[in-house]
Amino acid sequence: MSRLFGRLLVLVLLATGLSTAGPASARESVRTPAQAVAAMQPGWNLGNTFDATGDDETSWGNPRVTRELLADIRDQGFNSIRIPVTWGQHLGSDLVLDPAYLARVREVVGWALDEGFYVMINIHHDSWQWIAAMPTDHDNVLNRYNAIWTQVAAAFRDASPRLVLESVNEPQFSGSSGDAENYALLAELNTSFHRIVRGSGGGNATRLLVLPTLHTNADQGRLDALTAEFAALDDPHLIATVHYYGYWPFSVNVAGGYRFDATAQAELLGTFDRLRTSFINKGIPVILGEYGLLGFDRHTGTIEQGEKLKFFELFGHQARISKVTTMLWDNGQHFDRTAGVWRDTELFGQIASSWRTRSGTAASDLLFVRRSTPVTAQTITLNPNGTGFTHVRLGAATLRRGPDYQVSGDRLTLSAGLLSRLSKPAGYGVKASLSLRFSRGVPWRLDVVSFDTPVVSAATGTTAAYAVPTAFNGDQLATMTAVYADGSYAGPHNWTAYKEFDRAFTPDYAAGAIKLTPEFFAEVTDGAPVTLTFVFWSGETLTYRVTRNGAEVTGSTV
């Protein structure tokens, strides 16, 4: 069916008082859980909207949801949409949901179903707001939880089978005796959810239900506990879910995790291996209900562009070969819901390509050419990822193998002549963007950067606003370490010398400064000099010393 014809059909159904979100028996065949999960790939999260804990869906800064937004998302290639919902603030003391709020959720779910999406709704931030108190307030928590699902199940009893229900988001418990109790409490919630939905009849008798692990974490103990729940429930219409935000030091850029290195890769590979062994190979389908990088909650520049592209390339490949459906977490930082465009088209291009195939990458997307010394040839390692390297482009021009570059195995060498031409224009910064082409997938962008060693200068300031004057000279800051004179670690995360990017420090290229945050100084000993080492992507390092005396800060070069 063409998209135009599909839209016309929807309009006709609406005009005649019918709804494509209604009973499905006459309209669509019910698929097996595995078939449905496969059909849901890829998925997208309508984050920071109905899960917002304020008065309404706009309280966390996103615009009110429209049918046009959902159509835009569908046009991006997504087949499923997860609509996280926080219910607690809309639940009265009589345990009755606000009818207007429930009706609004139903409206948006109906729009999404009419757009052809599979739709997943849940109980979301309630998990940490009040469900977490279950160890010490068991009966009240269970009563509220049951009341919500009783009303939600009734409201969606006759919805399309493309509506999927998820018991609870990222379940967690405070004040418990440990994991044994945590697993038992989660099993109780999941069992109660299952009983309520199945008992509500109609389409809910066989509706696909999604059950999470504790914390939606993929550690082996969490997977084993959920596997036991599946065995106890003995229901063929169940789906497992976990979330994945990568190896934590890489995901937020702390503890030296600024590269997607062997450790971060091994953590990703191990996660998918456990999912295959624990669930997929046993016939239990898996939805990865959220994925991304945790640093994105601040902004997508917390992790360097090339490093995050390599993460998403490998993540997408592993999900595809594992037959795991993935749902991108987007709280508004990826798809601009007002303009209807991706904020980072290169990032989305890599994600979308990974749904279908692999892409070649390289050791970096940055190649630094020093301006103050003679230019020499430079070699970069390629990661073909099963593809074949084909050629290099500069804009629309294909560069010449031999005079411009040579390839030997996985080593690409750019000639001194080419780099001299590219870096000749005056000034520092990116002088050219080469496009490395492979036999399939998206190209790899390689920026040629003209630079010299950065320079930092002495300065005074306060703990509320301290900036290290910095002439970056075309270079880019990767990370920072902070140590006291005795070698112990200074600042937040005092178990590592490497501080968290954008929380303890952040570069301001426009202002020519490296800013140290109040959060950094809040955990610096008064009067104790701290030696900072700034690590740049060119490989350059600079040392700097700061001393806090009350609210005053002085800094100097070392």
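Two strands count as paired here if DSSP finds at least two bridges between them. With that in hand, welcome to this predicted model, in which local features need pLDDT of at least 70, side-chain atom pairs count only at pLDDT 80 or more, and totals for chains, interfaces and linings use all residues. Residues are numbered from 1 along each chain as its sequence is written, and side-chain values use heavy atoms, with hydrogens and water left out.

**Overall build**

- The protein has 14 helices and 28 strands; these are DSSP runs numbered from the N terminus, with helices being H or I of at least four residues and strands being E of at least two.
- Its radius of gyration is 26 Å, which agrees with the value near 24 Å that a compact globule of 558 residues would have (taken over C-alpha atoms, the globule rule being 2.2 Å times the number of residues to the power 0.38).
- Along the principal axes, the C-alpha trace spans about 75 × 60 × 45 Å.

**An open four-stranded sheet**

- The strand order in this open sheet is β20-β22-β25-β24, and the pairing is antiparallel.
- At the edges sit β20 (455–456) and β24 (505–508), each of which pairs on one side only.
- Four bridges link β24 to β25 (residues 513–516) in the antiparallel sense, and aspartate 508 has alanine 513 in β25 as its bridge partner.

**Pairings of β13**

- With β11 (residues 361–362), strand β13 (residues 378–383) pairs in the antiparallel sense over two bridges; threonine 361 has asparagine 383 in β13 as its bridge partner.

**Helices α6 and α7**

- The axes of α6 (residues 138–155) and α7 (residues 179–199) come within 9 Å and cross at roughly 30° (axes are lines fitted to C-alpha atoms, for helices over the stretch in contact, and angles run from 0 to 180 degrees between N-to-C directions).
- That angle makes α6 roughly parallel to α7, a label for angles under 35 degrees, while those over 145 count as roughly antiparallel, 65 to 115 as roughly perpendicular and the rest as oblique.
- Contact means heavy atoms within 4.5 Å; the α6 residues involved include His138, Tyr145 and Trp149, and those in α7 include Leu189, Phe193 and Arg195.
- By class, this contact of α6 with α7 has nine nonpolar, five polar and two charged residues (Ala, Val, Leu, Ile, Met, Phe, Trp, Tyr, Cys and Pro count as nonpolar, Asp, Glu, Lys and Arg as charged, and the others, Gly among them, as polar).
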